[in-house]
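Reader: I'd like to learn how to read a structure like this one. Could you walk me through a few features?

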Amino acid sequence: MEIFWLVILGLTMGIIFGIALEKSRVMEPGVLIGQFLFKDYTMLKMFLAATATGLVALSGLTALGLAELHPKSFVVGNIIVGGTILGVGIAIAGACPGTVFAQIGRGYKDAWLTVIGGIMGAAFYGYNKSLIDGVLDMGSLGKITYADLFPALPFWMLGLITAAALVVVMIALEMYRPWKVDRGMDQNKEASVNSNAAHA
């Protein structure tokens with residue numbers, strides 16, 4: 001029964017995540033590529049909001065003893081190479097592993113190519129895991145976390161402080177680049193202002 005409810009919980013969270021991706025338009029290829037070109041900050045705002053929300057939830061769970069941290073080893077080679085491949089892939093495909101299924105649901109046919117490419121990449125890694133891990137296994141710093149830099153603070157407190165800092169960053173980013181600009185809702189207004197200035 002426990003596994004059943006975990007599956008239900010996972011499906012529910014997936015549906016909520018998919019709805020959030022679709023409604024925020026962060027799953028659209030143009031929005032993702034626009035972030036890499038620093039022309040659309042929707043993706044960054046969404047990720048900051050998700051990270052802050054996750055930190056608040058995780059802080060509460062760890063403070064109540066309902067969750068434990070299990071960090072992976074910090075391996076510099078894996079992070080640099082893996083992060084580069086992921087970033088280049090998102091920039092080229094206009095999709096990431098989380099958004100591609102929302103794109104399929106929205107009717108983007110190119111998203112199927114991204115899924116196929118992801119499966120092929122996973123299969124290639126699976127069949128060559130030992131060789132690839134051997135090449136990239138360099139610069140391991142062990143299982144360190146952000147909390148290790150501030151040993152005097154309990155994780156829940158550090159998590160809430162970090163979440164608050166991310167909210168401040170989001171507010172500053174919204175002031176710098178309002179969401180209406182990213183959605184193109186101010187284009188007519190700006191055109192009108194420019195037209196009036198030209199005739200002045």
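Reader: Let's start with the rings. How many aromatic pairs does the count come to?

Author: Keep in mind that this is a predicted model. Rings pair if their centres lie within 6.5 Å, and planes over 60 degrees apart count as edge-to-face. By this rule the count comes to two aromatic pairs. Take Phe 4 and Trp 5: their ring centres are 5.3 Å apart and their planes stand at 75°, so this pair is edge-to-face.

Reader: And how covered are those two residues? Is Trp 5 buried or exposed?

Author: Here you need the cut-offs: buried means under 20% relative accessible area, exposed means over 50%, and partly exposed is in between. Trp 5 comes out at 52%, so it counts as exposed. Phe 4 has 45%, so it is partly exposed.

Reader: What about Tyr 41 and Tyr 176: what kind of aromatic pair do they form?

Author: Tyr 41 and Tyr 176 are edge-to-face, with 6.2 Å from centre to centre and 85° between the planes. This pair links distant parts of the chain, as the two residues are 135 residues apart. Tyr 41 sits in the loop between helix H2 (29-36) and helix H3 (42-63), while Tyr 176 belongs to helix H8 (residues 155-176). Their cover is worth a look too: Tyr 41 has a relative accessibility of 11%, so it counts as buried, whereas Tyr 176 has 62% and counts as exposed.

Reader: Which residues make the nonpolar surface patch?

Author: For a patch, you look for nonpolar side chains with over 30% relative accessible area, joined within 5 Å. In this model, Ile 3, Phe 4, Trp 5, Val 7, Ile 8 and Leu 11 make a patch of about 630 Å². One of them, Ile 8, lies in helix H1 (residues 2-24). With a relative accessible area of 31%, Ile 8 is partly exposed.

Reader: How do I check the length of a helix? What span should H1 have?

Author: Work from 1.5 Å a residue: the 23 residues of H1 should span 33 Å, and the end C-alpha atoms are 33 Å apart, so the two agree. After H1 comes Arg 25, which has a positive phi near 70°.

Reader: Where do the buried residues of H4 pack?

Author: They pack against H2 and helix H7 (129-136). Among the residues of H4, Gly 77, Gly 87 and Ile 90 are buried. H4 itself covers residues 76-93 and has 18 residues; from first C-alpha to last it reaches 25 Å, close to the 26 Å expected. Just after H4, Gly 94 has a positive phi of about 70°.

Reader: Now for contacts. Which residues is Gly 159 in contact with, leaving aside its neighbours within four places in sequence?

Author: Contact here is a matter of heavy atoms within 4.5 Å. On that basis Gly 159 touches Leu 55 and Ser 59. Gly 159 lies in helix H8 and is buried, at 3% relative accessible area. Gly 60 is 99 residues away from Gly 159 in sequence, and their C-alpha atoms are 9.2 Å apart in space.

Reader: And Thr 42: is it buried or exposed?

Author: Thr 42, found in helix H3, is buried, with a relative accessible area of 10%. Leaving aside neighbours within four places in sequence, Thr 42 is in contact with Ser 24, Val 26, Val 31, Gln 35, Asp 182 and Arg 183. Gly 126 is 84 residues from Thr 42 in sequence and 34 Å away in space, C-alpha to C-alpha.

Definitions and conventions. Residues are numbered from 1 along each chain as its sequence is written. This is a predicted model: local features need pLDDT of at least 70, side-chain atom pairs count only at pLDDT 80 or more; totals for chains, interfaces and linings use all residues. Side-chain values use heavy atoms; hydrogens and water are left out. Rings of Phe, Tyr and Trp (its six-membered ring) pair if their centres lie within 6.5 Å; planes under 30 degrees apart count as stacked, over 60 as edge-to-face and the rest as tilted. Buried means under 20% relative accessible area, exposed over 50%, partly exposed in between (1.4 Å probe, protein chains only). Helices (H or I, at least four residues) and strands (E, at least two) are DSSP runs, numbered from the N terminus. Patches are made of residues with over 30% relative accessible area and no salt bridge: like charges are joined within 9 Å, nonpolar side chains (Val, Leu, Ile, Met, Phe, Trp, Tyr) within 5 Å. Accessible areas come from the Shrake-Rupley method with a 1.4 Å probe; for residues, only the protein chains shown count as cover. A salt bridge is a side-chain nitrogen of Lys or Arg within 4 Å of a carboxyl oxygen of Asp or Glu. The expected span of a helix is 1.5 Å times one less than its number of residues.
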